[in-house]
Amino acid sequence: MMEKLAFLLLLFIAVSAQKYPEWDYKTEARKVNMRGCSNLTTVLDNWKFAIMTQIKDLLLYDHQTVLPDYGRIHTLSEALDDLYKEFNALKERMIELTNKFETVELFVDEMKASRQTVRNGGRRVQSVNEDGLRKRRVVIRKVKKPLITNAN
């Protein structure tokens with residue numbers, strides 16, 4: 001019995017020590033029919049296009065069958081309503097602040113214009129656009145060059 005176990009052990013070691021040849025994939029790759037591969041990729045591309053077109057049409061024209069009815073979800077509809085209310089409140093606040101800043105801008109423009117009239121000797125020029133609002137203008141100062149005299 002011990003001899004049989006020793007023999008089986010030696011046989012197992014001998015079999016496991018053999019190296020199996022590596023698979024040569026290059027020769028197998030040369031045998032592949034390329035026409036069949038291109039036909040398969042064409043079929044898969046056509047399927048992808050058909051599936052994507054059907055999903056797009058379903059989402060665009062019959063979305064009730066795919067998407068849940070969000071009106072039934074009470075908490076989500078309340079959250080959306082709150083979000084819309086907050087957004088509209090922020091929009092109204094922005095309009096109020098814009099109106100306040102317009103009055104401040106007009107005050108600043110008047111102050112600049114009054115300084116300009118003092119500098120120009122009392123002459124005041126107003127530029128108004130077609131909406132009745134003042135135009136912003138760029139003031140270019142004329143720099144007087146000092147006269148250089150030769151004291152030779």
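The dialogue below goes through confidence, fold, surface and charge.

Colleague: How far may the coordinates be trusted, and what is the average pLDDT of the protein?

Modeller: This is a predicted model, and confidence is therefore the place to begin. Where pLDDT is low, the predicted coordinates should not be read in detail. Here the protein averages a pLDDT of 76, and 72% of the residues score at least 70.

Colleague: In which helix is confidence lowest, and in which is it highest?

Modeller: The lowest confidence falls in helix α2 (residues 25-30), with a mean of 77. Helix α3 has the highest, at 86.

Colleague: How many helices and strands does the protein have?

Modeller: There are 4 helices and 0 strands. Along the sequence, the pattern reads α-α-α-α.

Colleague: What share of the residues is buried?

Modeller: Of the 152 residues in the protein, 1% are buried. The protein exposes about 15,700 Å², and carbon and sulfur atoms supply 62% of this area.

Colleague: Which residues form the nonpolar patch on the surface?

Modeller: The patch consists of L40, V43, L44, W47, I51, M52, I55, L58, L59, V66 and L67. Together they have about 1,000 Å² of accessible area. One of them, L44, is found in helix α3, which covers residues 34-61.

Colleague: Which residues form the negative surface patch?

Modeller: E78, D81, D82 and E86 form that patch. Among them, D82 lies in helix α4. At 44% relative accessibility, D82 is partly exposed, so D82 also passes the cut-off of over 30%.

Colleague: Where do R93 and E96 lie?

Modeller: Both belong to helix α4 (residues 74-119), where R93 and E96 are 3 residues apart, about one turn of the helix.

Colleague: What is the relative accessibility of R93, and what is that of E96?

Modeller: R93 has 41% relative accessibility and counts as partly exposed. E96, at 40%, also counts as partly exposed.

Conventions. Residues numbered from 1 in each chain as written. Predicted model: local features only at pLDDT ≥ 70, side-chain atom pairs only at ≥ 80, totals over all residues. Heavy atoms only, no water. Patch = residues over 30% accessible without salt bridge, like charges linked within 9 Å, V, L, I, M, F, W, Y side chains within 5 Å. Areas by Shrake-Rupley, 256 points an atom, 1.4 Å probe, with all protein chains shown as cover. Salt bridge = Lys/Arg side-chain N within 4 Å of Asp/Glu carboxyl O. Helix = DSSP H or I, 4+ residues; strand = E, 2+ residues; numbered from the N terminus. Buried < 20%, exposed > 50% of the residue type's maximum accessible area, 1.4 Å probe, protein only. pLDDT = per-residue confidence, 0-100. Lys, Arg positive; Asp, Glu negative; His and termini not counted. Charge placed at Lys NZ, Arg CZ, Asp CG, Glu CD.
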